[in-house]
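Subject: Structure for you to look through

Hello,

Here is the structure we spoke about. Please open it next to this message and follow along.

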Amino acid sequence: MPEKVVEGNRKSRRPRRDSRPRLSGRSQLDIRNRYPRQKISVNFDARLRLFIYRHLIAKCRAPSIAEMARHFKSQKHLDVALQPLCASHAFVLQENGDLWRAAPFSAVPTAFPVKVGNRSYYGNCIWDALGIPAMLGQNARIDASCGCCNLEMLLKVRNGRLLGSKGIIHIAVPARDWYKDIVFT
């Protein structure tokens, strides 16, 4: 059992419920009504998805909406292409329109930092944090802390396996309710 107590529970550093980031003020309905999905190819959606993940992996941060629009030379097509990506819940936008999540990566700092080689990423939860080394096919170190007692919980992934034989992941919100309030979940 780890003996080191993490100073200031990482979870307690999260903003209070009323000050959490608001997700997409540009709702999927707004985007759908503004630009009908005609003439936007599935190829563009796939290219956008690949651009986001490649940028995130290479630069350890999500691209901004402005960077995506510059890359694709089209804000209109970008807005339309983000609609199905967000509808799948793999991508979630912040109120300002920038990415908040590109599963399993968090675009904002969280209590689940993941170190892969000399690169650092964040997962939105422990499940996503474990998904990052799985997605990248790399070894990783995840510096989490216990949500109830603040004990340091260092997790190591080597050769696709979580090291150690003990541990419990507690998921407090039923899966059917995750996207009712994804920031809380």
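**What was found**

Strands β1 and β2 run antiparallel and are joined by three bridges. The model is a predicted one, in which local features need pLDDT of at least 70 and side-chain atom pairs count only at pLDDT 80 or more, while totals for chains, interfaces and linings use all residues. Residues are numbered from 1 along each chain as its sequence is written, and side-chain values use heavy atoms, with hydrogens and water left out.

Some terms come first. Helices (H or I, at least four residues) and strands (E, at least two) are DSSP runs, numbered from the N terminus. Two strands pair if DSSP finds at least two bridges between them.

**The sheet of β1, β2 and β3**

These three strands form an open sheet in the order β1-β2-β3, with antiparallel pairing. Its edge strands are β1 (91–93) and β3, each of which pairs on one side only. Phenylalanine 91 has alanine 102, in β2, as its bridge partner.

**Strand β4 and its partners**

β4 pairs with β5 over four bridges, in the antiparallel sense. Valine 116 has arginine 119 of β5 as its bridge partner. The hairpin of these two strands has two residues between them, and there glycine 117 takes a positive phi near 60°. β4 is also joined to β6 by two bridges, again running antiparallel, and lysine 115 stands opposite arginine 141 in β6.

**Helix α5**

This helix covers residues 126–136, and its buried residues are Ile126, Asp128, Ala129, Ile132 and Pro133. They pack against several strands, among them β4 (113–116), β5 (119–122) and β6 (140–145). Just after α5, glycine 137 takes a positive phi of about 65°.

**Histidine 55**

Histidine 55 lies in helix α2 (residues 42–59). Is histidine 55 buried or exposed? Histidine 55 counts as buried because its relative accessible area is 7%. Leaving aside neighbours within four places in sequence, histidine 55 is in contact (heavy atoms within 4.5 Å) with Cys60, Arg61, Ala62, Pro63 and Glu67.

Regards

Methods: Buried < 20%, exposed > 50% of the residue type's maximum accessible area, 1.4 Å probe, protein only.
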